Amino acid sequence: MLAISKLTGGYFPGNPVLQDVSLHAQAGSLTSVVGANGAGKSSLLGAIFGFLPQVSGTIQLGGDALAGLRTDLVARCGVRMVPENRGTLPSLSVLENLQLGGLGLPREEIARRVEAELERFPRLRERLKQRAGMLSGGEQQMLAIGRALMARPRLLLLDEPSQGLAPLIVDQIFELLGTLRGGDMTIVLVEQDVGLSLAISDYAYVLEKGRVTLEGPADTLIDDPYVKQAFLGIA
Ligand SMILES: Nc1ncnc2c1ncn2[C@@H]1O[C@H](COP(=O)(O)OP(=O)(O)OP(=O)(O)O)[C@@H](O)[C@H]1O
Ligand SMILES: [Mg+2]
């Protein structure tokens with residue numbers, strides 16, 4: 001379980017872009033953080049993943065205190081992130097990208113996990129030898145998610161997986177994300193597409209100008225008059 005309490009942080013001292021953010025995400029659940037451009041969604045993931053320069057407050061993942069740790073140490077605690085730009089290595093093949101996700105594991109275990117990800121993403125199997133840079137946006141997103149899952153993370157952070165993708169591909173990716181719920185993994189998804197993310201989430205937070213302004217079970221928020229008016233374009 002992820003427990004964030006009174007998190008304030010930003011890029012420069014005295015100029016916080018996150019203010020007093022508290023967030024809880026149960027193991028096995030999918031929690032989304034929704035908000036407009038510039039609300040602080042990526043900064044929040046940056047604070048968890050160790051690359052927001054100024055951080056105060058606590059970020060607890062099970063028994064591990066993450067606030068202020070460097071990214072490599074956060075990763076060692078079992079956290080993986082799929083960043084906004086997807087972060088796959090363009091000149092390496094699909095296979096090599098997946099294998100990198102299992103870095104440090106025994107070779108046979110890496111092979112087993114690669115196979116599991118190819119089962120999950122059959123499209124990647126067809127493109128195994130292709131360079132990641134030659135994939136479509138949707139395929140790159142699948143590769144980025146598959147690579148993160150190779151580590152079997154305790155906490156998976158996803159930054160706007162819908163960005164720049166055709167609606168049909170977005171639907172496929174969100175459907176897949178929905179299927180990742182229910183295991184041991186805690187998933188935190190940040191998204192501008194509020195309707196899509198609430199549809200697959202257990203619980204959600206609305207972030208506005210760096211503050212949590214609303215939270216609740218996703219199926220309650222989806223019917224909230226303010227959420228409808230401000231984010232779903234329904235009067
Ligand atoms: N590297 C940076 N240095 C300084 N300020 C930054 C940096 N990155 C973001 N910010 C500022 O922090 C605030 C929050 O930005 P952030 O990227 O976290 O928002 P976001 O919700 O992820 O937006 P988007 O939906 O556009 O990705 C913004 O005011 C932004 O200008
Ligand atoms: Mg962002």
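I searched the whole structure for salt bridges and got 12, taking a salt bridge as a side-chain nitrogen of Lys or Arg within 4 Å of a carboxyl oxygen of Asp or Glu. This is a predicted model, in which local features need pLDDT of at least 70 and side-chain atom pairs count only at pLDDT 80 or more, while totals for chains, interfaces and linings use all residues. Residues are numbered from 1 along each chain as its sequence is written, chains are lettered from A and ligands numbered from 1 in the order in which they are written, and side-chain values use heavy atoms, with hydrogens and water left out.

I looked up one pair, D64 and R154, which form a salt bridge with their closest N and O atoms 2.9 Å apart. The pair joins distant parts of the chain, 90 residues apart: D64 is in strand β5 (residues 64-65), and R154 is in the loop between α6 (137-149) and β7. Helices (H or I, at least four residues) and strands (E, at least two) are DSSP runs, numbered from the N terminus.

Next I took the domains, whose bounds come from an automatic or database assignment. Domain 1 is 1-78 + 153-235 and domain 2 is 87-152. I noted 24 Å between their C-alpha centres. Domain 1 gives 14 residues to the contact and domain 2 gives 12, with contact meaning heavy atoms within 4.5 Å.

The two domains bury about 920 Å² between them, 79% of it on carbon and sulfur atoms; buried area is the accessible area (1.4 Å probe) that two parts lose on being put together, summed over both. P153, I173 and L176 account for 44% of what domain 1 buries against domain 2, more than any other three residues. On the side of domain 1 that touches domain 2, α7 supplies the largest share, five residues.

Last, I checked ligand 1. It is surrounded by 14 residues, each with a heavy atom within 4 Å of it. A backbone N or O atom of G38 lies 2.8 Å from a ligand 1 oxygen atom.

Technical notes. A polar contact is a pair of N or O atoms within 3.5 Å; within protein, one must be able to donate a hydrogen and the other to accept it, and residues adjacent in sequence count only if both atoms are side-chain atoms.
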